[in-house]
Each structure stands twice: as structure tokens, then as C-alpha cells.
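Take a walk through this structure, one element at a time. Keep the sequence at hand.

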Amino acid sequence: MSMLQQGETPTVSDALPLDEEGAVEQQTRANRRFRVPGWLGILWENRKSRVGLVMLAIFLIVAVFAPLFSPHDPRSNDFAPNLDPGSGHLLGTTTKGEDIFSQLVYGARTSLIVGVVGGLLATAIALVIGLTAGYLGGTVNEVLTFFINLALVVPILPLIALLSAYAPGQGLWVVILIIGLTGWASGARLKKAQILTLRSRDYITAAVFAGEGLWQVIFREIMPNMISLVVVGFMGSAMGAIGAEAGLAFLGFGNPETISWGTMSYWANNQGALVTGQWAWLLAPGLALSFLIMALTLVNFGVDALGNPQLREE
Amino acid sequence: MSLLAVDQLDVTYLTRKRPPVQAVRGVSLTIGPGEFVGLVGESGSGKSTLGNATIRLLSRPGEITGGTVSFNGQDITALGEDRLRPMRWRDISTVFQSSMNSLNPVMPIEAQFRDAIQAHSRASNGQVRKRVAELLTMVDIDPSFMRFYPHELSGGMKQRVALALALALEPKFVLLDEPTTGLDVVVQRAILERLRVIQREQEFAVLLISHDLGSVLEFSDRVLVMYAGEIVEEQAAADMLRHPRHPYSRGLLGSYASPTAKTIAITYIPGRPPDLSKPHQGCLFAPRCVDAIPLCRMKAPELLPLGDGLVACHVAKMRAEAGQLPEQQGRSWRTQAAGAVFTKHTVAKDPTGAEDILRFEGVSKLYTRRRGFKTTLVQAVDDVSFVLSKGHVTALVGQSGSGKSTIAKLVTGIERPDSGEISFGDLRVDRLGRRGLRDFRKHIQMVFQDPYSALNPAHTVLSTLMRPLINHKGMSRGQAQSRALELLETVGLTPPERFGQRHPHQLSGGQRQRIVIARALAPEPAIIIADEPISSLDVSIRAEILELLDGLVREQGIAMLYITHDLLSARLLADDIIVLNEGKVVEAGRAEDVIANPQHAYTQLLLRSIPNPFVEETAAD
């Protein structure tokens, strides 16, 4: 009987099966593929999310290069009013003689800005409040939970309407700020629930023993494990913000000077677009809004893999 | 006629993005009525997949891709769910490791039994209650507990309830998949012993799946050993114990030893099971086998009759043909172990020579629990004293609830004692504030029980190891990185560059535990608290981790507090043993003395509960 390595410690890798090399190679190849676009590649893996990304990219390009896509100045009312779609104007003109298609293109800008900034603001507030409440627990949790619950039960849209009516100034940024400040509650609650399950893991204790401070533990150790939740939360807040802005504008609480899909619908409704047969005026902003929200929803399907390295390989 | 017959069964996991994994390949087995069969293998050997396939409980993406399963003469390989449903629970039932968590938390115990019983019979509520009382008594639980909700029972009791539930309809066949893993040794033994008695009385057949060959051998009539999706050996339990023929079985058996011996040698099997999604040639165990001959790498051995059992090994077959019966080798196979050996001699060390690192003096801790109007006091730690000294391992042994974990919290400063002193040099640990505690953690580190939850899945190994170096040692990123690579080498993960880039899910349990140990070593602590560092690892690799810890403690002069419920591992690693029961020290002393000559009844109970298939043999010697 051969006695190999009697008494000496074979290191683990000595005895690893040969196929281990292959696994490593696969891994580096995967790394290389992911490195260039980073998180984008992970989202791209998922079919639904790919469709959403393409749609979102179209909206983004249109918004950024709005002057290139719009045939006319959206504010110019030099055209004949109430033109039907097609007659030199793709979607016709408004009762004031503005080009509807140009307004639609510039409206994408407004909606995306509101979505991104409002969503970021709401997510940031939700993160700080949710994570602090969940990780620290105790009295801090009790107090913060009280405010979360308070913010949850207050009906948001009337509150926003009220705030924007009293806000000093009427600009778009005021609207964004109000939306951001009112839309964080459900996100905070979700994040708190998640952190409660994560904070009892051994690796959190291990991080404390590794000398990590409070914010390092929260943002370095816990956050990466809930990144998918954060991204989903951001998408939700962005959708909410876009919808809220449109809703406010439609109800007439927005800044009528702004060109957004909401103000378009507001004017269309206000000027009796249906009565005058201007269906495109009413339909186009609504459809654009639904497609943007749909794009975000589709992207959400791929988000799970972001926070879970294991999911990326399966 | 056999009750359960599996013939040439193949199970494949078909996933979309990865190549198919053949988790079970060409397995045949039969189980007769009333027979108690054990199925043993490491994690990843396919034993649970095989178990689930035999009772048609495979879930996607696992699929039976070949062979047949018949139960009671009926082919159930492709039987529809509608026809399987009446058979389940009544004819075939099962208990898993997590079965205790499958109890419905919002229903009292009795209601859960009633659901199961009335789904298959027309028993009245009164009859059900009588039956539940009978069943609970059978698993040693007082019938009055049937009014309780699951959260009011301990883990061991819940698992007993799960067992009673599985037996409620007097099935003919019960699949037990790691039914006691994760429970205390004492509870494990009690449940298995009880199960064996009930099984003899009611004469149902059992397939017991476990990674713990020791307990399987003690309780089964016949044992199947599985490796990489194939059965490699099948023998009656008594024969397997006397002459295991396959090198893998020998390797698994090498993990057991009598803790009372003067010199203890336990072995482990280095390496990992092969990746079953890749094509392979020859014997799958050959890369890890010390007996492998060139033939093994070329031709896969078949499972052939040898002696009274079946073995798939070229070398075992050749030996048998040459007339070298294992019986003639006597017990020599145990010293000529298959794998690497970790030997612990009884060396007379001078305990007074070592420098004291931490003193724990007369410490008590009382917890107050309020429930409704009642307040209960729990004396978690009661006047406990000990000293941790440089280069020494002190083992804290006891069941769950004995106060071990509270002591760990007190030592690390997470909890403060009600009375007594904990001093680290001149530093009073029990009086440290927030800031002081953070500084203290440079000197004290932890090794956790579950390597799967102790590593952050979002970080690579390297970035996990660099954090303590940057925080405690004030290193720059570059310095920390090169030191982290050295640490990987220290814990035997080479080449370190390769392991450093991996995420935890790309590592095996043993490798993860090595990373956890490397992280604990990073700040060059004076004390390491190891809280059950091997109990969630496969038996076959436990010795490997023990050996690593042992070497590191001695070389680097670290004082270690080793917390465990397992006296054998305490004997292997520790210089001193403290036995703890209900917060009190019942026995303490040098490891050899405590084990060789246990004074307290509780120590004797713990000692008896260690799975040791050789116990009769040792007694006979």
C-alpha cells in the first residue's frame, strides 16, 4: 500500500481536480465580458431587461438630442391651429398652433429629469432612513419607524398638490424636490425589512471584528447585498415621480410654462382636444408615458442578478 | 420481494446556461420491508438527489433521465402526481434536516397531525387526539405538548415532532435525509436511538442519508457509500466496520476515533469531489485516492460482488483475488489510512510555563425575559472562571443552552457581566466603552460556525481579507493586498492569487472556513474565539481544519477559546477542557484527564454521545 504524503499537509489546491483550471478560466472570461459595460452586461443577459434597456436608450437619446429630433421649436405658435396629424406636422398642431410632435420630444426631457432626480432623491432618503432604522434598532428604529409610517399613511398626491401650490416659485425643480421628499416612505420600509434579515448574518459580526465602523458596515457590507432592492426601489420611485409630475401637471398644479407630457395632456384636456378630434394630442403623451414606465419595469426583471454574483452564472 | 427497488437510475440537472450535471449515475439498490439502510457520502455526492428521486420528490431542474424506481412492485418512475399523492405519507414519508422548520408556525402541534391524519382517513377528532398522544409518547414527548405552537419547542423537540408526523400514518418506507444534522450530539443520539427502537417495533423500512458514517454504521443494517453520483461500496454495517474495502469508505471511517486513546490519529480526505458536468475517464475517486494504480485512471471500476458486499474498486478487487483479505490485515487498515493524517499525541506540557493572556474570574450573567405578565430569570453564566494562555487551546464544551455562546459574547465584550472580572492584561474588558471595544478587537478575533454565512457573498476573498489589515494595522491598500496573499498561503490556499479573486460561492465549505480563519489571523490577534468551527463541515474534512487551527495556535502563540459540543474534537485540539452545563462549570481540567477519567455524570453523557463506530471494539481491546 503506498503511503503518499504521510504526515505532511497537502494544501487544498494540490488535490483539486484538474477541471478546476477550467473553472478559473471561465471565470476570468466572464470577468472580461462584464468588465467593459459592468452592470450593464448583467442586465443585458436577461431578455426582458434587454428589451427595456433598448426602449430606455431610445427615450434617453431622444431626450438628450431633442433639438435634432424635433422639427420645430415646441413653444413656437406660428402654425395654423388644430391641424390634423400628417398635414406637414407629424402629430398635428394644438389649438394655439404649436407642433405636437416637437412638444412630445421635449416632454421626454422633462419626464426623464423628473424620473432620475426625483427617484434618486427619494431613494437616497429611503436608504439612509431605512438602513439606519434597521441596523441600529432600538429607540432609533422606533422613532424612524414612526416617521416612515406617518409618511406612508399621508395621501401623497393631495399633499404634493398642496405643497406645490404653496411652494415659493413654480419651477420644475420645486416639483422634483416635493416629489422626492414625499416618495421615500415605502422604499424605506422595504429596505428596513431587508436589513433586519441581513444584519444577523455572521459576516456582519465579522466585519465589526475587522474594525469596520457603522457606516462602513452599512454601506460596504450590507448595501451590496441589497443592491437589487435599491435599484428596484429607485425604478419604483422614478416611475412614481414621473407619474406624479404628469398627474400634477394634468390637474393644473404644475408649471404651465414647462413642456412635459403632463402639461400636454393638461392642455389637450383643457382645450377639448377630443371634441375637436385632436386624438393624437391627447393620446401621444399618455402613450409615451406608458412606454417609459414599461421600459423601467422591464429593466427591473434583470436587476436581481446585480446583487447576487451566483445568479449571474446560472 | 423488495419494498423499494431502484434500477440503473440516472438523475441529471439540466440548467439553461450550464452543461448538464449527472448527479446520479447508474445507481441500483433495493430495500426490503423493515430494513434499515444507510446511505453515506460527502456533500455533493448526490445522496440527497438519489433519496429524493426514489420517492419522486425531485424538483426542477433535476430529472430522472434513465432507469426505474419501483415501490411495492409498482413502477413509480413516471407515475402521475395524482396517483402518487395518495401513496405519499401513507406508504412513503420523509423527514429532512429542515423538517423542523416545515411545521406551520400558526397552528398548534395537534392541528398539524389532524391535517395529515384526516387527509388520509376518516378518524374523528377524538380518535386523532388519542393517536397524537400515542405518537408523541413514541418520540419521547409528553402528550400535553400537543397544545403548543412550534416556536414554543426546542429544535430537537421540533425534529421529534417532525419524525412523529412522518410516522403518523404508519408508512412502509421512510426517507430520512440528515434528520439530526445541526442538532446537539446528545439530542442526535437520543433521536436516532429512539427511531431505531420504533423502527424495530413497527417494522417500516428506512433509508437514512447522512454524511456522518459513524452514526449511520451504528444504526443501520446495511450501508451504501456514495461518491460522485455512484455507489462505490455496499456492505452489511458490521462488515463495513470490520473491513471497509473501498479507499473512500476507509477515508470516511478514518474520521472517527476513540477519544480516550493515548494517541489519536484521525484522517481526512484531501481534495474535492469532481465536477460531474465534465467528461471523465477512469475511477472518479482516483485523484484523491492514495491507493490509485495506473489502471484506475484509465478504466472505471464496476460495482462487483466482493466478500458479502459490493465494491467498485480495482485495487480492492485485486487484493481480494490475491487472497489478501482485509481480515488478515487485522486492524492495520486504520493506521494505513486513506488520506492525510492528523495525529494528536498526549504530550505532557507544562501549563504553568505559558503566559496568561485573558483572565475570566467569577463571572455571572443573568438574563431577564418577560412574557405576558410573567418574568423569568435565566442564569446564563454562573460564577465561571478560567484563564486563556499563550499558545494554548481551552475548550468550552456543552450542549446548546449551556452558556457557551454567552461566554463568547462576554469575552469579546459584546455583553457585560453582572458580576466578576474579565481582564486582558491590564485592560478590563467588562468595562470597555464603544471606542475601547473597537481597539480591543485588534487583539481578539472570531472563527464562526457556518462558513456559508460568515463570508460576505458580495466581496472577493481578497477584499474580505484586506479590511482588517487596513482597519487594524493601518496598512495601505498595496501593503494589505500583499499581506492578504501571504495569509492565504498560511491557511493552505495556493496559489493565493487565484483564490484571492474568487467570490465565496466559488469555494467549497472547507475552503471558505480557511478564509474565515485567515481573516481572524489578519490583525495578529492575541486571542481567537472559535465557535464550533467544524460542526457544519463534512465529517471527512473536519480533521483538516482542526489540524490547521492546531498548527496556527502553536506556531503563532495565540490563545484560543474553542467552543464545541463535541468532546472528540475538543480532545484533539485542546490542552484544557471546561465542561459547562446550565451556565455552571461541572468539570474542568487537562484534556486527557477529563476525557480519560470523567467525574461528572454530564461529562460522561457527552462522551457517550460521540458517534464512534469503534466503541465496542475499543471496549473489547
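The model is a predicted one.

Four strands of chain B form an open sheet, in the order 2-1-4-5. The pairing is antiparallel. Which strands stand at the edges? They are strand 2 (21-31) and strand 5 (74-75) of chain B. Each has a single partner strand, so one side of each is left without a neighbour in the sheet. Strand 5 of chain B pairs with strand 4 (residues 62-71) of chain B over two bridges, in the antiparallel sense. There, Phe71(B) stands opposite Gln74(B) of strand 5.

Chain B holds another open sheet, this one with eight strands. Their order is 6-7-8-3-9-10-13-12, and the pairing is mixed. Strand 6 (92-96) and strand 12 (304-306) of chain B stand at the edges. Each of these two has a single partner strand, so one side of each lacks a neighbour in the sheet. From one strand to the next, the twist averages 25°.

Within this sheet, strand 7 (residues 173-177) and strand 8 (residues 205-210) of chain B run parallel and are joined by five bridges. Leu175(B) has Leu207(B), in strand 8 of chain B, as its bridge partner. Helix 5 of chain B, residues 155-166, packs on the sheet and touches strand 6 and strand 7 of chain B. The direction of this helix makes about 170° with that of strand 6 of chain B.

Gln399(B) is in the loop between strand 17 (393-397) and helix 13 (404-412) of chain B. Is Gln399(B) buried or exposed? Its relative accessibility is 18%, and the cut-off for buried is under 20%, so Gln399(B) counts as buried. Leaving aside residues up to four places away in sequence, Gln399(B) touches Asp184(B), Val186(B), Val187(B), Lys404(B), Tyr602(B) and Leu606(B).

Gly420(B) sits in strand 18 (residues 419-424) of chain B. At 29% relative accessibility, Gly420(B) counts as partly exposed. Beyond residues up to four places away in sequence, its contacts are Glu361(B), Gly362(B), Val363(B), Arg428(B) and Asp430(B). Asp430(B) is ten residues from Gly420(B) along the chain, and their C-alpha atoms are separated by 8.7 Å.

Arg435(B) is in helix 14 (residues 434-440) of chain B. With 65% relative accessibility, Arg435(B) counts as exposed.

Two packed helices are described by the angle between their axes and the distance between the axes. The axes of helix 5 (residues 100-136) and helix 12 (residues 227-251) of chain A come within 7 Å and cross at roughly 130°. That makes helix 5 of chain A oblique to helix 12 of chain A. The crossing is right-handed. Which residues make the contact? Helix 5 of chain A contributes, among them, Thr110(A), Val114(A), Gly118(A), Gly119(A), Ala122(A) and Leu127(A). From helix 12 of chain A come residues including Val230(A), Gly233(A), Phe234(A), Ala241(A) and Glu245(A). By class, the contact has ten nonpolar, eight polar and one charged residues.

Note on methods:
Residues are numbered from 1 along each chain as its sequence is written. Chains are lettered from A and ligands numbered from 1 in the order in which they are written. This is a predicted model: local features need pLDDT of at least 70, side-chain atom pairs count only at pLDDT 80 or more; totals for chains, interfaces and linings use all residues. Side-chain values use heavy atoms; hydrogens and water are left out. Axes are lines fitted to C-alpha atoms, for helices over the stretch in contact, and angles run from 0 to 180 degrees between N-to-C directions. Angles under 35 degrees count as roughly parallel, over 145 as roughly antiparallel, 65 to 115 as roughly perpendicular and the rest as oblique. A crossing is left-handed if the near helix is turned anticlockwise from the far one by less than a right angle, and right-handed if clockwise. Contact means heavy atoms within 4.5 Å. Ala, Val, Leu, Ile, Met, Phe, Trp, Tyr, Cys and Pro count as nonpolar, Asp, Glu, Lys and Arg as charged, and the others, Gly among them, as polar. Two strands pair if DSSP finds at least two bridges between them. Buried means under 20% relative accessible area, exposed over 50%, partly exposed in between (1.4 Å probe, protein chains only).
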